[in-house]
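Here are my notes on this model, in numbered points. Please read them with the coordinates open.

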Amino acid sequence: MNLNLDTNEVSQPTLEQLDSWSEQALGSASSEIREEAERRLRYYFPTFSETQAELTGAYGFSAGQERVMAVFPTIKGPADAAQLMTWFLHQSSKVFSQTYVVHRLRTLILNHLGVMNDEQKSALRASLLEAIREKGEAMPAFLVNDITRTLGLVVMFTWFDLPESREIIDQVLEGSDRRVLALQMLRAFVEEFNRELPARYIARQRRVVVAFRDKQLKSIFTYALEAMRAATPAVGSEGTAEQRQVLSQALLLQRDCLGFDFIGLAPDEASDDAVAIQIPSPWKDVIQVDGFLDAYFDGYTRSTPPISSQFIEVLVQIASIRRSFYMEPVRIKFVRRMSRGIADILKNTIGLDDVDNYHHLCRLLARFRCIHTLVEIEDASEYRDLLRAVAAFTMTGLTLWEWSPNSIPPLLTFWAKVAATHDVRDDANSAVAGDVISEALPQVVREFLRAMVTATARAADSGDSPLDNADAVLENMGSVAAIARAAYERCAPVVLETLREMAAEYQEMLRAGRDVAMIEQQLAWPVYAVAACVGARQPYRSLPDDDRRDGEMFATVLELDRLVQQRMQSGIAAPPCEPLELALLQAHVAFRTSFIGEGGHKVTAVFSQLSSMVGLQDSSNVLDLILQKVLFNLRTWPAQSMVVQKSLQLFSDMTAGYVSVRQVAKLDTIKLLLANHSSEQLQFLRAIDEYKQRALYYGGLARVLFAAETPLPAQIAEFMHPWSVAVDELLSMSDEQLAQDTVRPNLIRTL
């Protein structure tokens with residue numbers, strides 16, 4: 001490519017200079033060197049979209065000059081800049097240089113391709129395609145991807161204006177001499193068309209993406225499928241490195257094609273494990289063929305990591321295809337083959353010593369069961385074999401938290417979905433594997449709690465505890481609760497037994513004066529389990545016996561809470577345990593939500609159990625106990641702790657409803673608090689930075705104060721008295737006194 005860079009005003013840079021500046025801009029450890037190199041490169045490779053900050057001190061500016069974008073004089077506009085960038089892309093063989101200039105070129109195209117004429121757009125497209133064909137095989141894969149994505153941007157913006165742009169993908173599909181490069185390019189095209197552009201391009205992009213989806217995507221997937229089938233037989237030791245690379249790229253391309261945004265959902269509207277893939281019906285002749293799944297299971301069995309994990313990844317996507325894509329006879333055949341293939345892997349533990357294979361197989365189980373209810377095969381041998389294999393796999397998998405922590409949620413999801421469609425009346429019905437399910441559900445609950453308790457103990461050495469991620473704990477407990485509630489008669493005793501055994505051990509350790517720091521952390525798991533089970537109660541499905549079990553579990557939690565509070569007040573040398581305290585709070589929240597709520601209705605069975613075990617007669621007694629728990633936390637925990645934040649949020653929730661605030665207003669504890677609301681014992685009130693906590697606290701108190709049918713002026717005046725005293729004291733001070741640092745906290749707390 002010839003490019004005239006001659007100018008009388010500024011000497012043209014040499015290729016060596018541009019390469020050196022690119023390396024400095026991307027690879028130098030010195031920020032000054034990087035900034036200087038970037039200023040020089042921006043001068044020769046302008047995108048005409050730099051921010052004001054990037055222009056400050058740009059190459060050629062001097063102090064006091066008006067900040068006008070300075071560019072190489074030969075460049076008169078975006079088309080000239082694009083020509084210079086593509087020249088540099090062709091001439092340089094340095095990875096730093098090619099990476100930098102492609103990034104600049106992409107920014108230029110994204111913002112200014114519209115000002116170029118058709119001839120300039122065609123030249124730019126041809127130049128990028130030529131660069132890939134000439135240097136693609138020698139380039140790193142990421143650079144091929146970047147250049148092809150930039151080419152894809154040009155193709156997208158000229159899709160309807162220049163018919164030749166649409167032919168680029170067809171040309172790649174027709175080429176068979178360099179299959180690895182073709183697969184890399186096609187994958188980059190799919191990624192680019194599936195990527196969300198800035199908002200101002202969305203309408204135009206969606207039109208092009210729809211056309212690409214309807215006319216090109218199926219052909220790309222078919223191309224990748226044929227490449228995979230051709231390369232799979234040679235995947236063993238006799239296969240060449242190029243054949244393995246072809247297979248890997250073909251699988252990655254299939255994964256991206258199946259993960260394409262077929263219906264235009266924004267990324268935040270889709271959940272990885274909940275949304276079915278909406279493949280169009282015209283794809284049936286590719287997917288609904290004999291031996292389609294066989295190719296993937298055979299390939300997984302033949303291959304080794306990382307290719308084997310790529311086979312499983314594609315199977316995860318295939319299992320996620322919407323159920324309506326298959327007519328019933330075809331769906332039954334698909335489900336049976338998928339079940340048989342998964343069961344074979346589990347029974348023979350094929351490739352499961354690799355963490356990626358293991359994790360993606362767990363995802364496959366969750367996706368397969370989320371999309372397909374398996375009712376089509378519940379009376380078939382494949383269903384029973386699958387459940388037995390998954391049950392055995394789960395018992396082992398739950399103990400592997402340190403090895404693959406992200407694999408436990410999909411395992412629990414699988415069993416939660418199985419439990420959701422299981423009828424307890426089929427527990428003994430072996431014809432539909434009811435006996436397998438009824439046996440597996442309590443085992444899953446027991447093994448999960450046991451595994452998490454053990455992992456928490458081992459975390460004392462590694463420092464990475466499963467309790468550290470509170471959101472993940474609640475998510476997993478939600479699945480455990482769904483499993484337990486489906487067979488509550490057998491699962492609730494498992495949770496209660498675990499809690500009582502550990503609570504008894506905890507009590508014995510307290511009596512012996514032993515260190516209880518670790519067991520307090522471990523106790524968080526059964527307490528969280530109780531909270532999740534109680535919180536998952538559905539009134540229209542809950543039997544009186546189930547409510548009595550809830551009452552028994554909550555009463556046991558209250559007894560444990562009493563022990564913990566006694567330990568904290570006794571001065572035993574052990575810091576308070578935040579995970580356990582958060583679990584106890586969660587149990588109080590769950591019970592209030594399930595059995596008291598806004599309606600204030602009374603569930604006889606649960607309160608009769610509470611009355612016999614801990615002396616709580618009705619909902620008012622429980623609310624008073626919860627309020628005392630909140631105040632205990634506010635007195636004993638530092639203001640910055642999550643316990644204080646959760647306690648204040650619980651107090652705010654208790655006073656937020658029309659009925660609930662009136663229930664709270666009748667309690668003796670709240671009356672005492674209203675009379676002593678500014679107590680120095682509440683640590684968070686002394687913290688000047690915790691204004692949000694004070695807002696929650698006083699917002700709740702104000703709602704209670706005004707919830708009375710006839711709030712008396714004397715009560716309001718008494719409530720406001722502490723602030724009146726504080727304000728009077730501040731008003732009596734001089735300006736010099738108010739400016740002192742010792743006065744500032746009082747002023748802030750008053751505000």
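1. A cut-off first. A residue counts as buried when its relative accessible area is under 20%, and as exposed when that area is over 50%. Phe651 has 2% relative accessibility, so Phe651 is buried. Several points below rest on this rule.

2. Confidence. The model is predicted. The average pLDDT of the protein is 87, and 90% of the residues reach at least 70. Two stretches need caution. Residues 1-9 stay under 50 in pLDDT, and the model gives them 20 contacts beyond four places in sequence. Residues 52-68 are also below 50, with 17 contacts in the model beyond near neighbours in sequence.

3. Overall make-up. How many helices and strands does the protein have? There are 34 helices and zero strands. The protein has 751 residues, and 51% of them are buried. Among contacts between residues at least 6 apart in sequence, 74% join residues at least 24 apart. The exposed surface comes to about 34100 Å², with carbon and sulfur atoms supplying 50% of it.

4. Nonpolar core. Nonpolar side chains tend to be buried together in soluble globular proteins. Here the largest nonpolar core has 240 residues. Which residues have the most contacts inside this core? They are Met338 and Trp415. Helix H10 (residues 202-231) gives the most to the core, with 13 residues. Leaving out residues up to four places away in sequence, Trp415 touches Leu387, Val390, Ala391, Thr394, Ala440, Leu441, Val444 and Ile483.

5. A pair of aromatic rings is described by the distance of the centres and the angle of the planes. The count for the protein is 24 aromatic pairs. Take Tyr43 and Phe72: the ring centres are 6.4 Å apart and the planes meet at 75°, so this pair is edge-to-face. The angle is what decides, because planes over 60 degrees apart count as edge-to-face. Tyr43 sits in helix H2 (residues 31-44), while Phe72 is in the loop between helix H3 (52-55) and helix H4 (78-91), so the pair ties together parts 29 residues apart in sequence. Both Tyr43 and Phe72 are buried.

6. A second pair. Phe651 and Tyr697 have ring centres 6.3 Å apart and planes at 40°, so this pair is tilted. Phe651 belongs to helix H27 (residues 642-654) and Tyr697 to helix H31 (residues 691-705), so the pair ties together parts 46 residues apart in sequence. Phe651 was shown above to be buried, at 2% relative accessibility. Tyr697, at 1%, counts as buried too.

7. Ring cluster and charges over rings. Ring pairs link Trp159, Phe193, Phe212, Phe221, Phe260, Phe262 and Trp283 into a cluster. Two arginines are also worth checking. Arg485 lies over the face of Tyr488, 4.0 Å from the ring centre. The charged end of Arg662 sits over the ring of Tyr658, at 4.0 Å from its centre.

8. Is Asn633 buried or exposed? The relative accessible area of Asn633 is 0%, so Asn633 is buried. Asn633 is part of helix H26 (residues 619-636). Beyond neighbours within four places in sequence, Asn633 is in contact with Glu581, Leu585, Val643, Val644 and Ser647.

9. Backbone points. Most residues other than glycine have a negative phi, and most peptide bonds are trans. The peptide bond from Pro305 to Pro306 is cis, with omega near 0°. Pro306 is in the loop between helix H13 (292-302) and helix H14 (307-319). Thr349 has a positive phi, near 45°. Leu374 has a positive phi as well, of about 70°.

10. Thr349 lies in the loop between helix H15 (328-348) and helix H16 (355-371). At 52% relative accessibility, Thr349 is over the 50% cut-off and so counts as exposed. Leu374 lies in the loop between H16 and helix H17 (381-397). Leu374 has 1% relative accessibility, so Leu374 counts as buried.

Conventions: Residues numbered from 1 in each chain as written. Predicted model: local features only at pLDDT ≥ 70, side-chain atom pairs only at ≥ 80, totals over all residues. Heavy atoms only, no water. pLDDT = per-residue confidence, 0-100. Contact = heavy atoms within 4.5 Å. Helix = DSSP H or I, 4+ residues; strand = E, 2+ residues; numbered from the N terminus. Buried < 20%, exposed > 50% of the residue type's maximum accessible area, 1.4 Å probe, protein only. Areas by Shrake-Rupley, 256 points an atom, 1.4 Å probe, with all protein chains shown as cover. Phe/Tyr/Trp six-rings, centres within 6.5 Å; stacked < 30°, edge-to-face > 60°. Lys NZ or Arg CZ within 6 Å of the ring centre and 35° of its normal. Core = buried A, V, L, I, M, F, W, Y, C linked by side-chain atoms within 4.5 Å.
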